[in-house]
Amino acid sequence: MIELNGLTKRFGRVTAVDDLSFTVRPGRVTGFLGPNGAGKTTTMRLILGLDVPTSGTALVGGRRYRQLIRPLRQVGSLLDATAVHGARTAYDHLLSVAVSNGIRRSRVPEVLELAGLDSVAAHRIRGFSLGMKHRLGIAAALLGEPPVLMFDEPVNGLDADGVRWVRQLLRQLAANGHTVLVSSHLMGEMALTADHLIVIGRGKLIADVPTQSLTRSSGRADVLVRSPRASELAELLTARGAAVTPEPNGGLAVTGMHAPAIADLAAAHGIAVHELVPRQPSLEQAYLDLTAESTEYRATSTAAGAEAGS
Amino acid sequence: MTAVASRTGQRVVPSLAARARDVLVFEWVKLRSVRSNYVTLLLAAMATIGATAVVAQTIASTRAAPPAALTGVTVSFLGYAEYGVIPVSVLAVLQFTSEYTTGLIRTTFCAVPRRWAVLAGKAAITGGAALVAGEVLAFICFFLTQALLSGRHRGVSLTQPGVPGAVLAGGFVLCACALTALSLGAIIRHTAGAIAAALAAIYGLAVLCMVLPEPWRYDTGRFTMPFAAFQVLTMHPQPDLLSPAVSMLVLAAWPAAALLAAGLVITTRDAG
């Protein structure tokens, strides 16, 4: 469990993290979302005790990171996969990390195999691709078998295979009761991986909600209609109270009327319909709406509602 | 995949000694797993031995007797003072700056959040390695020089009073320089800047003192590392410098002060 309480970090006049409070619970993947520069990495650095907060606290398992004894057995993290010494072999890098926290040496080949790096264990990291460095970083995070895991943009720059591997790993860790916090600026990726979302913008909390409710709450569902007599149909729909927006490619985006009613209306007037697609609002759109709000510094009813509900 | 799953229920608090050993082994594995560290050390040793041989041979083949300051043990360290000290100091600087420039320092601080312990661990391993390398090299330089000088009856023997202490002090000088350099690496974080600062601290200040007018030249110069080192390595201490015993303290004070400053800086500053 990770608990943030009024966490704030200022760099001179810039407030990178602004009074952030949330709890990351075990047993699910929590996505940590925000546009670039929103303060995700700074928040993670504060949790890891790398930076000192201006005010507020970040607790892992009820304690500040800097007070943890053999912390890698409690928190595994990957902030920057390229932050390694290229002259070391993958094995030696992991060995150094293992011995630093009294982790048994036999754990090193285990995580190498888990990350699919056993064949390059004796190679120097200098020659690794970005994807391999990601795997190495994740292997290092798993060394101490910690209950809490934190990854900063773990799929950035990975190929499809790597992305799938990370996604499966995160889901598996959560299923096994780990606390998993994963940052990303890509909503699409989080939609596939995360059960719960924490969205920040300009260092402030915007939303702390289950992934599903974010789509529901945005309420922009519509129906795409395509017809050879589009303008005629649009008039009929508008007359019955639906809102019709023409799309660039000739379709009509209809809100305020469900697909069956639209089909019945068209049939009643003998208008052919070539396409009729009910559309759920995308998480991507919901995310953009949320973060757009953050630029205006508006208060967040979403966040408050979610906290009350959980 | 199943191996990920198991959660350790370990709640046993390891002893302070166990945690200290963790940090020492951590730094030792990091030091020994970078091949260029060995290469640099080997090249430094070869350059030192080569330079020492040239100096000794030159003095041995000079008809006129050398000045008293350049006799006995001191001659053994003329090559060592540059070709041994500079590469080892650079290696020591890199122990911190290579971690800051690659970002590995964040992994280190995540593994060992008590940053004093990181500094102490690095100081123990780097300082220990420099001390061992320094003593080995000091004795090699001594025996090589005396072997070349003995033909001219200008050599000294290890059995003469004061000689073993002076040779042993040679290794300590290297350790003191390495620890000063290591600390400056921690404070400055950038390799080039830290190397410049280390060389300035180790050599530059002494050179600067030499251009001062007469009363201040040695009054200030005697507190610099080269003059202090000269006093502990020679069998003929200069009267206008500090005594060998006090000079030894000066040699210890430099790394002590540098380590203290480094400790204060890295514990209060955000990780790089």
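These legends go with several close-up views of a predicted model.

**View 1. Chain A as a whole.**
Let's start with the overall picture of chain A. Its C-alpha trace spans about 75 × 45 × 35 Å along the principal axes. Chain A is built from 11 helices and 13 strands. It has 310 residues, and 47% of them count as buried. Look at contacts in chain A between residues at least 6 apart in sequence: 70% of these join residues at least 24 apart.

**View 2. The two domains of chain A.**
Domain 1 of chain A comes in two pieces of sequence, 2-216 and 295-309, while domain 2 covers 222-279. Taken over C-alpha atoms, the centres of domain 1 and domain 2 of chain A are 45 Å apart.

**View 3. Where chain A touches chain B.**
Here 40 residues from chain A meet 35 residues from chain B. On the chain A side, the elements giving two or more residues are helix H2 (90-100), helix H3 (107-114) and helix H5 (160-175). H2(A) gives the most, with six residues. Sort the chain A side by residue type and you get 20 nonpolar, 11 polar and nine charged.

**View 4. Helix H12 of chain B.**
Now hop over to chain B, where helix H12 runs through residues 244-268. This helix of 25 residues reaches 37 Å from its first C-alpha to its last, close to the 36 Å expected. Among the buried residues of H12(B) are B:Met248, B:Leu251, B:Trp254, B:Pro255, B:Leu259 and B:Ile266. What covers the buried residues of H12(B)? The cover includes helix H7 (115-150), helix H8 (163-188) and helix H11 (225-233) of chain B.

Technical notes:
Residues are numbered from 1 along each chain as its sequence is written. Chains are lettered from A and ligands numbered from 1 in the order in which they are written. This is a predicted model: local features need pLDDT of at least 70, side-chain atom pairs count only at pLDDT 80 or more; totals for chains, interfaces and linings use all residues. Helices (H or I, at least four residues) and strands (E, at least two) are DSSP runs, numbered from the N terminus. The expected span of a helix is 1.5 Å times one less than its number of residues. A residue is buried if 20 or more other C-beta atoms lie within 10 Å of its own, exposed if 12 or fewer, and partly exposed in between; C-beta atoms are placed from the backbone. Two residues are in contact if their C-beta atoms, placed from the backbone, lie within 7 Å. Domain bounds come from an automatic or database domain assignment. Ala, Val, Leu, Ile, Met, Phe, Trp, Tyr, Cys and Pro count as nonpolar, Asp, Glu, Lys and Arg as charged, and the others, Gly among them, as polar.
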